[in-house]
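Me: I have just opened a structure that is new to me, and I would like to go through it with you piece by piece. Could you take my questions as they come?

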Amino acid sequence: MPATDGQAPGRAEETVAHESSAWSGDAPGPPKARLAERLALLVCRRERRLGRALGREELARRISVSKSSLYAYLNGTTLPRADVFDRLLAELGADPAEMRELSTLRDAIEVAQQRAPRRAGGVPAPCQLPPATGRFAGRAAELGRLAGLLDAAGGGAPLIVAIDGTAGIGKTTLALHWAHRIRRRCPDGQLHVNLRGFDPRGPVDPGEVLHGFLQALGAAPESIPDGLDAKAALYRSMLADRRMLVVLDNAASAEGVRPLLPGTPSCIAVVTSRDRLDSLVVREGAHRVTLDVLPPGEARLLLERWLGEDRVAGQRAAAGELAALCARLPLALSIVAARAARRPESSLAELAARLRDLPDRLDALGAGAADLDLGKVFESSYALLPAPAARLFRLLGAHAGPDIDAHACAALLGADRPPRAELDALTAAHMLEEQAGGRYSAHDLLRAFARRLAAREDEAGRRAAVRRAADFYLAAAVRAAARLEPCRAGELPDAGSASPVPPIDGPAGALAWFTAELPVLQATMRQAAAEGLDGHVWRLAWAATVFLRRTGRRAERVAVHRAGLAAARRTGDRLVQAVSMRLLADGLARIGERAEARELLETSLAECRAIGDARGTFQAHLSLTRLHDAAGTHAEALAHAEEALSGSAEVGSLLARADALTSVTRQRERLGRYGDALPLGRRALGLYRRAGYAEGEADALRTIGRIERRLGTPERAIVRFEQSLELDRRLGDRFWAAHVLDDLADAHREAGDPARARARRAESLALFEAMRHPAARAVRAKLAADAG
């Protein structure tokens, strides 16, 4: 009967039925086996009397030995010393006759061992490596690094490789693949153990592992000491001068690995863990190899290993979608591929469609067995997190964006500073990965697991976390928008109060913040709309306007402002709706949707007039001016520009006056009224400079340059355009920089410098192509003409 913890009393009763025959002196088998069997029967009888299982840890403590030593005694692999044996029999409730008989048997075994020859060099070398999978694929970069480490190994320390990564990433698969590849370099044998670091039953006791390793290395059972340190010392002694490979799979921590490491430079140790094992790297000099999800090509190669090249080659798009739906996580891909292999008649597209349409992909990727159920695999990692880190991970499931920074994590938690310790714990456990720029992310399946955990949270607590995150992003977006256009900060929506808001330094910092956060802001807007936080939605749309315009993100601009207008309409606020209409119309005009844009602008203008909003009326006229300008209807554009100019006095803003003057100047230039246009343009330029508004200054300079080129002074126009370009580049405004570069090319051509004209035109084309702007076609044609 095996000596295992947690044996039910019912099992003991089944065994006790054979008790009378087993105690017979004629019981068959070698003496050590008979002794183990009789000890097992004593355990059963003791459990029957107690009415419960006899805890091995408690029993080991009572007789003052380690749990691993107790297991060895009960299993018959190690003979206890006489004094330990007496204590064991007493704790098991043996009567005097039983104690005499069993003590006599123990002594006889000891005498026989002393007379027997010691185990020597005839012990075969241990070859304990489990088989490697025949479907290994990819990991070319990691195998190259491992090969480099092996080539560079030497000196006075063993080569220790720590392979870490998230659950299901393929650590064991890579370790065994490499171990089999290099095992001939270790002719004295290979030791292997699954340390069960993340098993619900708990990790394996290092003392038990050492006991097994020592026996595999040829140690006589009676020579194996009891204590962990003594076993580790004997283990290292037996490995001295041997060329061996030790694979320690699935370690929970460095502490559980350290006693099992060889101490001689002729040995190689490979450790796998979901933990980063920083202590092993720092103290033992382990070389870390961290696994990420498979690159797309290697993910497809893994599918080919399962399904054959022909099947995958014929459905490359579906295979790519399957890989993406599995987050290119090797375990998930293998589960899906195994199912596809069982159904050769099904297309990969059908399988991808079924997986795509499921509300919870983790359920679909559960395969019954615990080690193939991704939800359970992730749960085993999550269960070992410190409580504060576990709470952050749960709340990340309520976060809408694809990634997050430390300040937003603080907002989720309601903390007043970034939770560095919690983030360190999550990255150490590979529940999160730290990306460039201090951002944190997880692959799609871990995010699905986090959402599952968030759904179990108290609903009020979850909604509060969502609200805190929305507050944070709104406050940060408004701050960033104010850094982009400090002169117009007063026109931004109220941001409320949120803490801590990240530091955003100047226009460059604001541009960088928006660039990093735009996907998160869009996701936050969708989530806020679903949670009924419409005020956050339209305010976020307004705050993102300048960034979207300057960087030429035309499609994103329209999408953001459509969402903003929908939220504004749900609020019923007429002013908010009118402004949101105008912002959406401006975006639509940039992509050529002029009919819808005009309808929105005329409605916005009528609403602003009806509610007496002078600023809204003024802004609607400016937007209609730009719309007609793009359509080539310059008389109508001029009419709206002059309406804006007359209304700017009521707005009472220096910038409003300058904007209107620039608008009238541009339309007069379009209509060939250069002499009338130039003085207005110069007045606008002066007002912008007084206000310190760089974007307006760049616009005015561009407009003046076009007039001066039309007046036949291209050299003066070039000066204006260069000044405008410098401001656009400082502002990060790719859209207008591309336009002014095209203007510069025209001016250089007219000034007799065709080489410079071609260079500027090529720069303009590169920017328009980077933005995928339709103006690229016309600029490309002009560049071809320049070359001709």
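Me: Which residues of α10 are buried?
Reply: In helix α10, the buried residues are Pro 206, Gly 207, Val 209, Leu 210, His 211, Phe 213, Leu 214 and Ala 216, where buried means under 20% relative accessible area, exposed means over 50%, and partly exposed is in between, computed with a 1.4 Å probe on protein chains only. Helix α10 covers residues 206-216 and is mostly covered, with 8 of its 11 residues buried.

Me: Before we go on, what kind of model is it, and how are residues numbered?
Reply: It is a predicted model, in which local features need pLDDT of at least 70 and side-chain atom pairs count only at pLDDT 80 or more, while totals for chains, interfaces and linings use all residues. Residues are numbered from 1 along each chain as its sequence is written, and side-chain values use heavy atoms, with hydrogens and water left out.

Me: Back to α10, what do its buried residues pack against?
Reply: They pack against α5 (67-75), β2 (190-194), α11 (228-239), β3 (245-251) and α12. Helices here are DSSP runs of H or I with at least four residues, strands are runs of E with at least two, and both are numbered from the N terminus.

Me: And what follows α10?
Reply: Gly 218 follows α10, and its phi is positive, near 110 degrees.

Me: You mentioned α12, so where does Leu 261 lie?
Reply: Leu 261 lies in the loop between α12 (254-257) and β4 (268-273), and with a relative accessibility of 5% it counts as buried.

Me: What is Leu 261 in contact with?
Reply: Apart from its neighbours within four places in sequence, Leu 261 is in contact with Ile 160, Tyr 235, Arg 236, Leu 248, Ala 269, Val 271, Leu 280 and Glu 284, a contact being heavy atoms within 4.5 Å. From C-alpha to C-alpha, Leu 261 and Asp 205 are 15 Å apart in space, and they are 56 residues apart in sequence.

Me: Let me zoom out. How many helices and strands are there?
Reply: The protein has 40 helices and 8 strands. Its radius of gyration is 37 Å, well over the 28 Å that the globule rule gives for 788 residues, so the protein is more spread out than a compact globule. That radius is taken over C-alpha atoms, and the rule is 2.2 Å times the number of residues to the power 0.38.

Me: What does the C-alpha trace span?
Reply: Along the principal axes, it spans about 125 × 55 × 55 Å. Of the 788 residues, 53% count as buried, and among contacts with a separation of 6 or more, 68% are between residues 24 or more positions apart.

Me: Switching to charges, how many salt bridges are there?
Reply: The count comes to 60 salt bridges, each being a side-chain nitrogen of Lys or Arg within 4 Å of a carboxyl oxygen of Asp or Glu. One of them joins the side chains of Arg 488 and Asp 659, at 2.6 Å from N to O. Arg 488 lies in the loop between α25 (459-484) and α26 (506-530) and Asp 659 in helix α34 (residues 654-670), so this pair ties together parts that are 171 residues apart in sequence.

Me: Are Arg 488 and Asp 659 buried or exposed?
Reply: Both Arg 488 and Asp 659 are buried.

Me: What about Arg 710, which residue does it pair with?
Reply: Arg 710 forms a salt bridge with Glu 669, and their closest N and O atoms are 3.7 Å apart. Since Arg 710 lies in helix α36 (residues 694-710) and Glu 669 in helix α34, the pair ties together parts that are 41 residues apart in sequence. Arg 710 is partly exposed at 47% relative accessibility, whereas Glu 669 is buried at 5%.

Me: Which residues form a network of salt bridges?
Reply: Asp 742, Asp 746, Arg 749, Arg 761, Lys 782 and Asp 786 are linked in such a network.
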